[in-house]
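Here is a short report on one protein model. Have the sequence and the 3D view open as you read.

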Amino acid sequence: MRQKNQLRFGEEESLIALRTAWSRALEDLERQINKPLFESCLSTVTPIAMEGENAVLSATSEFAKYWIENKYLSTIQQALSAHLGLPVRVSVRLVQDQSQQGPLDNLEAPEPRIERKPGKGELEFVLNEHFTFDNFVVGASNRMAFAASQAVAKSPGASYNPLFIYGGPGLGKTHLLQAIGHFVRKYHPDMGIQYTSAETFTCDYVAAVSDRKTAQFRRRYRNIDVWLVDDIQFLAGKERTKEEFFHTFNSLHEVGRQIVLTSDKPPKELELDLRLSSRFEAGLVVDVAPPDLETRMAIIQSKAQKRDMTIPNDVVLYMARLIRSNIRAIEGALLRIHAYAAMMHEPVSTDMATDILARYFEEPKENIITPDTVQEVVARHFRVDVKTLNSPSRQSDVVMARQVAMYLIRQLTQSSLPTIGKAFGGKDHSTVLHAINKISKLVLQNSQVADDISALSRELQSGN
Ligand code: ADP
Ligand code: MG
């Protein structure tokens with residue numbers, strides 16, 4: 001059975017009471033607080049603990065935290081106290097995006113160690129001190145993103161602009177973005193940097209509109225030399241904020257200021273407008289993919305070392321096999337093992353790790369590669385969509401992607417040439433054969449193609 005959060009007796013009850021009171025208080029607050037502000041900031045805040053008479057709320061954006069602490073603390077305290085039936089104080093903690101947390105993430109260090117150094121005219125922002133280039137483990141899945149981030153950090157505005165990093169949750173986007181921030185702060189101290197989550201940008205803009213301070217807002221954002229924008233997908237559906245973002249983006253970009261963006265999707269698939277997507281694509285677009293087995297092992301070793309933990313190699317391998325696609329979950333797992341070993345005064349063993357982790361992660365199923373999965377992975381790699389891959393398109397990048405996919409399907413599955421042809425919208429078996437021969441030759445002649453193919457094949461075989 002899955003173990004619950006280990007709350008002491010009474011804590012769980014008071015948290016439940018707090019949650020109930022919070023949901024009622026929200027209804028009151030919705031009437032008292034300006035609607036756009038409420039929707040963009042307060043609706044993402046949740047109660048996380050009752051510590052004595054202190055109700056702890058979590059905020060996922062610095063702006064929401066700032067806004068509650070500085071403007072609405074007493075309103076919120078009153079509403080919450082009324083519904084709880086006892087006087088409470090409210091404090092706000094900044095946490096990572098909760099929607100991206102895995103089952104073990106509540107085990108991360110409770111309060112991230114952060115530095116706060118707003119420079120002149122800067123909006124306050126936080127950088128996690130661990131998110132540096134030195135602490136980033138590089139492997140095939142993130143090499144390109146890492147190199148591009150370093151290039152940008154070394155000479156902001158001079159290499160790739162904008163740099164757009166996309167990939168699934170927990171794969172190091174925020175880490176890289178903040179690493180750029182740390183680097184620029186250290187080596188270009190004269191440059192004004194700003195780390196903004198798209199959520200913070202939204203809250204900030206909505207607040208500026210409601211306080212009639214848009215001129216100030218614009219001045220603040222248009223003074224930045226290096227703008228690091230996290231989770232740009234958050235802007236989808238927010239028309240006015242999107243428009244303001246577009247203008248901010250342009251005014252910085254026009255004068256050669258560096259912009260780096262992260263997102264969970266490539267620009268084309270973002271539900272923003274075309275103007276924005278094409279601006280993003282005009283720079284360099286790189287992805288971070290789920291790490292392969294070796295990289296996962298290296299990450300586990302590196303994180304363990306940072307915690308002064310000794311972990312036998314077979315445990316490292318066990319964990320790397322078990323947790324495949326989210327590095328945040330790897331960290332949570334390590335923390336749990338660490339806590340257990342310390343509590344029991346026992347060295348970490350495979351039995352212990354198996355016991356602890358089996359409750360949270362399913363053993364990976366046997367990985368069956370199908371033509372569909374190959375097409376998906378190859379399409380993502382070449383940034384075309386699967387439909388185009390299977391269409392008659394003769395565009396050169398599509399042809400290349402299609403041929404690589406055919407080659408990999410032949411290598412990694414039992415499919416016959418006619419079956420492969422069928423999977424690509426009814427191509428002839430001789431077309432498939434031609435593709436396979438062509439790629440086989442290219443692999444020998446061109447090391448870039450060879451690397452690409454082996455990375456793709458590794459990704460497919462590791463079941464990511
Ligand atoms: P994302 O923003 O893509 O959701 P994060 O950047 O927040 O993910 O990364 C999640 C966690 O995993 C962070 O603690 C980060 O330090 C760690 N992490 C991700 N990629 C790497 C890597 N290549 N090397 C070391 N740690 C990593
Ligand atoms: Mg992130």
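## Ground rules

Two strands pair if DSSP finds at least two bridges between them. Helices (H or I, at least four residues) and strands (E, at least two) are DSSP runs, numbered from the N terminus.

This is a predicted model: local features need pLDDT of at least 70, side-chain atom pairs count only at pLDDT 80 or more, and totals for chains, interfaces and linings use all residues. Residues are numbered from 1 along each chain as its sequence is written, chains are lettered from A and ligands numbered from 1 in the order in which they are written, and side-chain values use heavy atoms, with hydrogens and water left out.

## The hairpin

Strand 1 (residues 46-51) pairs with strand 2 (residues 54-59) in the antiparallel sense, over five bridges. T46 has S58 of strand 2 as its bridge partner. Two residues separate the strands of this hairpin. In the turn, G52 has a positive phi of about 65°.

## Around ligand 1

Ligand 1 is surrounded by 20 residues (a heavy atom within 4 Å). The closest are G170, K173, T174, H175 and E331. Helix 5 (173-187), helix 10 (293-306) and helix 12 (327-344) each give the shell at least two residues. By class, the shell has seven nonpolar, nine polar and four charged residues. Here Ala, Val, Leu, Ile, Met, Phe, Trp, Tyr, Cys and Pro count as nonpolar, Asp, Glu, Lys and Arg as charged, and the others, Gly among them, as polar.

An oxygen atom of ligand 1 is 2.6 Å from an N or O atom in the side chain of E331. A nitrogen atom of the ligand lies 2.9 Å from an N or O atom in the K303 side chain. A ligand nitrogen is also 2.8 Å from a polar backbone atom of V137. The protein covers 97% of the 560 Å² of accessible area (Shrake-Rupley method, 1.4 Å probe) that ligand 1 has on its own.

## The second largest pocket

Helix 19 (447-461) is among the contributors, and supplies the largest share, eight residues. By class, the lining has 21 nonpolar, 11 polar and 17 charged residues.

## Backbone points to check

N161 and P162 are joined by a cis peptide bond, with omega about 0°. P162 sits in the loop between helix 4 and strand 6.

Note on methods: A polar contact is a pair of N or O atoms within 3.5 Å; within protein, one must be able to donate a hydrogen and the other to accept it, and residues adjacent in sequence count only if both atoms are side-chain atoms.
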